[in-house]
Amino acid sequence: MSKYETVIGLEIHAQLATESKMFCSCSTKFGAEPNTNVCEICTGQPGVLPKINKKAIELAIKTGLALNCKIEPMSVFARKNYFYPDLPKAYQISQYELPIITGGHLEIEIPNEGENSNSRLRKKINITRIHLEEDAGKLVHKGAERIMGSEESLVDYNRGGTPLMEIVTEPDIRSPLEAKIFMEDLAHLLQYIGVCDAKMEEGSLRCDANISIRPVGQKELGTKTELKNMNSFRFVQMGLEAEVARHTEMKASGEKIIQETRYFDTKTHDTKSMRSKEEAHDYRYFPEPDLVTIEPDHKWIEEIRATLTELPEKKRERYINEYGLPNPIAEVLIATKSISDYFEECLKIENKPKEIANWMLVNVMAYLKNKNLDIKDIVFSPRELIELIKLIEKGTISGTAAKEVLIKALETGKNIKDIVSESGATQISDEGALQQIVKEVIKNNPKQVLQFKSGKDPVIMYLVGQVMKESKGRAKPDLVQALLRKELS
Amino acid sequence: MNKKPAHELLSLLKNKKVSAVEIVKSTYEQIEKHEKEISAYVTLTKELALKQAKAVDEGKRSGPLAGIPIAVKDNMCTKGILTTCSSKILHNYLPPYNATIVEKLEAAGAITIGKTNLDEFAMGSSTENSAIKTTKNPWNLNCVPGGSSGGSAAAVAADETVLALGSDTGGSIRQPASFCGIVGMKPTYGRVSRYGLVAFASSLDQIGPMTKDVRDCAILLNVLSGYDEKDSTSAKLEAPDYTKALIDDVKNLTVGIIDELMGEGVEGSTKEAIEKAVKLLESKGAKVKKVSLPHLKYSVATYYLIAPAEASSNLGRYDGVKYGLRSKEAKDLITMYKNTRAEGFGPEVKRRILLGTYALSAGYYDAYYLKALKVRTLIKEDFEKAFKDCDVLISPTSPIPAFKIGEKANDPLSMYLSDIATIPVNLAGLPAISIPCGFANGLPIGLQIIGKAFDEETILKAAYTYEQNTNWHKEKAEIR
């Protein structure tokens with residue numbers, strides 16, 4: 001029904017995963033006491049000079065390579081001047097006319113809007129540029145939400161000077177959903193190559209959007225608004241949907257859209273004006289005279305290229321083609337770098353991709369999700385998981401018992417072997433011991449026995465289950481079934 | 001003791017003819033006698049100095065400057081010692097760190113006498129823009145000492161210190177050296193670390209020695225020079241031993257006289273003194289020729305776009321948030337910013353912040369700042385061309401000798417224009433020295449010798465030769 005087309009371009013800020021800050025050697029560690037990870041440089045004392053963190057340049061180049069970009073042979077830092085208490089020098093060192101990386105793209109998969117809703121369409125989103133800059137500090141206000149009207153405001157410069165990478169896309173995105181998918185895929189990629197932990201909720205990945213609508217078929221872009229404060233993937237989509245709706249309504253009622261910066265109100269789920277174009281700052285950019293130009297040599301770039309790990313898309317293909325995993329399972333495994341790392345560690349020990357994937361997905365990841373943990377947080381090693389799979393194969397323990405053993409191992413960090421021997425969870429493969437239980441189960445379930453005997457064969461599984469329960473999972477199911485059938489025949 | 005140059009004191013100390021404590025004490029005696037009239041210092045560090053001197057005498061403190069008093073311009077950060085930039089906005093600022101050159105002086109065993117007065121944030125040519133005090137010229141107390149390193153120059157000239165540090169953005173070492181009859185050198189941009197020098201114009205600022213003679217200049221430059229990883233703009237070059245360049249010989253040297261700086265506007269006796277100096281060098285075997293730098297006439301205009309532009313950004317951090325002055329009139333964020341900066345900065349600093357902010361503004365950037373950068377390149381090229389045939393270039397340091405206090409205070413443009421000979425050197429990033437070469441009505445005249453980038457040695461050689469064959473540097477001001 002919509003006769004308008006949505007046009008979106010994104011500006012993404014990604015905190016780089018460096019140990020130290022962009023222009024000094026202070027730690028970037030999150031969560032320290034206020035103003036403890038600071039020095040004369042990142043608090044803007046008179047007379048200090050910045051010094052470029054080479055690691056930040058390396059990570060930006062790595063990102064550029066992963067996004068098929070051009071690494072500029074010469075780029076320049078610039079000062080962006082404005083006053084705010086979280087900015088100790090009253091300028092941010094950023095890049096302006098000559099960024100370190102230009103061009104490039106990321107391919108995403110979007111739902112095909114045609115009749116077959118399951119089919120997916122691949123789409124290239126072009127990257128305009130990537131540049132480096134430093135983050136500002138953090139303000140805390142008393143008695144008000146913002147600095148205006150607060151009784152007092154405190155500033156913490158721990159975050160000040162943390163390296164940021166700004167990624168700017170072309171206005172290639174055509175829907176809020178596409179924007180969300182792009183952000184998810186980008187976050188995924190950044191995590192993968194280890195340049196950013198990319199958690200929108202924690203602010204290590206932030207997204208601003210430029211958005212406009214135009215009649216379908218029109219080339220010229222409509223008046224855009226900039227939307228801020230979308231601090232989750234879901235809010236990216238919701239915020240943009242709200243803004244598209246606002247633009248569409250305004251067009252329908254003949255109102256003029258004004259160029260302005262707006263923010264997404266996560267409580268009311270609509271967008272509100274922050275400042276108009278007239279109120280926009282004049283940042284008086286000029287080349288930073290305290291720093292020299294960045295000129296990465298070819299050899300270094302190639303060294304960085306060599307450290308680039310397999311990208312998610314390639315990995316997914318490999319999991320399907322090489323390991324014969326179904327696509328949905330492959331997708332879950334590649335979705336988190338630490339999970340696919342774990343999976344591949346397991347494979348190195350024992351080449352059983354399907355069993356490993358199955359145990360990881362159904363049990364390990366369920367546990368992690370339940371406890372809100374990352375796989376890196378647990379002591380349960382790939383070696384242990386393989387141990388477990390081997391014990392099942394050998395028939396030492398049943399699948400049911402294995403689940404309990406696994407939970408115990410995850411919770412206590414104990415060895416699989418120890419748990420098994422302590423709990424006596426080894427399978428009862430001794431017919432004599434089982435025979436007793438089988439007889440009792442037949443005796444206690446006359447109704448089901450009757451059903452089975454009258455030809456309802458599947459009821460046997462119920463009886464097997466009862467035996468398993470009685471044996472606390474230690475019985476071998478196929479043996480139990482055989483014994484039951486023998487007894488009932 | 002305090003009247004002797006450092007190299008003489010060093011050999012006396014070495015031969016145990018004098019103790020460091022004696023030197024320091026006699027320096028403070030001189031300060032007590034004359035500081036009231038001269039007003040060279042913002043802060044004196046007598047206790048620290050005596051402690052340091054004692055350590056030298058006890059053999060616990062050593063180095064190439066062990067036992068030698070030095071005064072540090074008050075725009076260089078000294079840990080835990082007041083660093084005001086002669087500004088109200090930093091009236092109470094105690095740096096949490098040392099400038100690299102302060103660390104170097106410490107390692108060299110030098111004795112810190114105190115921090116010297118300057119034009120606020122080094123913006124000025126007379127030290128009258130200090131928010132703290134007005135420094136007087138030891139040769140005539142009614143005259144300015146020059147600026148912005150006027151405190152350092154006056155302290156050396158009045159023997160209130162042996163050595164001093166200055167900083168030079170458009171002539172701030174050389175012009176006061178010239179006005180006070182001492183030696184002052186601005187090294188090549190990148191030769192001396194700027195880390196800890198409170199920035200005025202980052203692409204122009206450079207720290208340098210202010211001394212009683214050329215040998216002291218070389219000795220102090222030895223201590224200051226060298227790459228510093230904290231300053232990305234410092235040069236990754238091995239600094240030579242500059243004292244090896246002190247040779248009384250200018251044969252095979254081609255000296256170029258800058259035509260544009262010898263004409264209109266240059267006071268008569270200054271011009272005469274320079275011409276005499278050139279003749280002397282010629283008589284010692286130097287080849288002399290006239291050179292023309294056609295873009296020199298744009299240098300003051302160029303400078304007054306680039307320097308204020310950088311300054312407007314560099315001085316943004318004085319906002320009342322973190323250190324220094326915070327206006328008591330502040331009611332909210334905006335009034336804190338406005339009132340703090342209105343109360344804290346003097347008129348010249350405000351003028352330059354306004355100029356620079358304007359030059360960088362959207363819509364004006366290309367016409368002003370960018371154009372100025374282009375002209376800067378042309379001026380640089382003029383020098384490069386001149387240096388194809390010359391080893392050093394010569395001009396007066398200032399077209400006029402020291403002027404009266406108050407004479408130009410209300411005429412900033414005429415004050416700006418008096419820096420015509422020194423400004424182009426900063427724009428080109430070159431090294432240059434000012435040495436005493438005569439007097440006009442009892443006021444010293446300075447000779448400027450400009451060298452190729454990172455060739456301070458040839459400058460020192462020419463300066464040393466001139467000095468060895470004259471006595472100007474031995475003249476002492478009679479303070480009255």
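**Cavities**

I began with the largest cavity, whose volume is about 110 Å³. I took a cavity to be a set of points on a 1 Å grid over the protein atoms alone where a 1.4 Å probe fits but cannot get out, with lining residues having an atom within 4 Å of a point. A volume is the space filled by probe spheres set on the points, which are joined across faces, edges and corners. I noted 15 lining residues for this cavity, with A:F23, A:I41, A:P50, A:K89 and A:E134 closest to its centre. I sorted the lining by class and found nine nonpolar, one polar and five charged residues. Here Ala, Val, Leu, Ile, Met, Phe, Trp, Tyr, Cys and Pro count as nonpolar, Asp, Glu, Lys and Arg as charged, and the others, Gly among them, as polar.

The model is predicted: local features need pLDDT of at least 70 and side-chain atom pairs pLDDT 80 or more, while totals for chains, interfaces and linings use all residues. Residues are numbered from 1 along each chain as its sequence is written, chains are lettered from A and ligands numbered from 1 in the order written, and side-chain values use heavy atoms, without hydrogens and water.

I then looked up the second largest cavity, which holds about 90 Å³. Its lining has 13 residues, and B:G124, B:S125, B:S172, B:Y303 and B:D419 lie nearest the centre.

**A sheet in chain A**

I found an open sheet of three strands in chain A, ordered 4-3-15 with antiparallel pairing. Strands (E, at least two residues) and helices (H or I, at least four) are DSSP runs numbered from the N terminus, and two strands pair if DSSP finds at least two bridges between them. Strand 3 (residues 77–81) is joined to strand 15 by two bridges; A:A78 has A:P287 as its bridge partner there.

**Salt bridges**

I recorded 54 salt bridges over all chains, each a side-chain nitrogen of Lys or Arg within 4 Å of a carboxyl oxygen of Asp or Glu. A:K352 and A:E393 form one of them, at 3.4 Å from N to O. A:K352 lies in the loop between helix 7 (337–349) and helix 8 (353–371) and A:E393 in helix 9 (residues 382–394), so the pair ties together parts 41 residues apart in sequence.

Notes:
1 Å grid on protein atoms, 1.4 Å probe; cavity = no way out; pocket = protein on both sides within 12 Å on 5 of 7 lines; lining within 4 Å.
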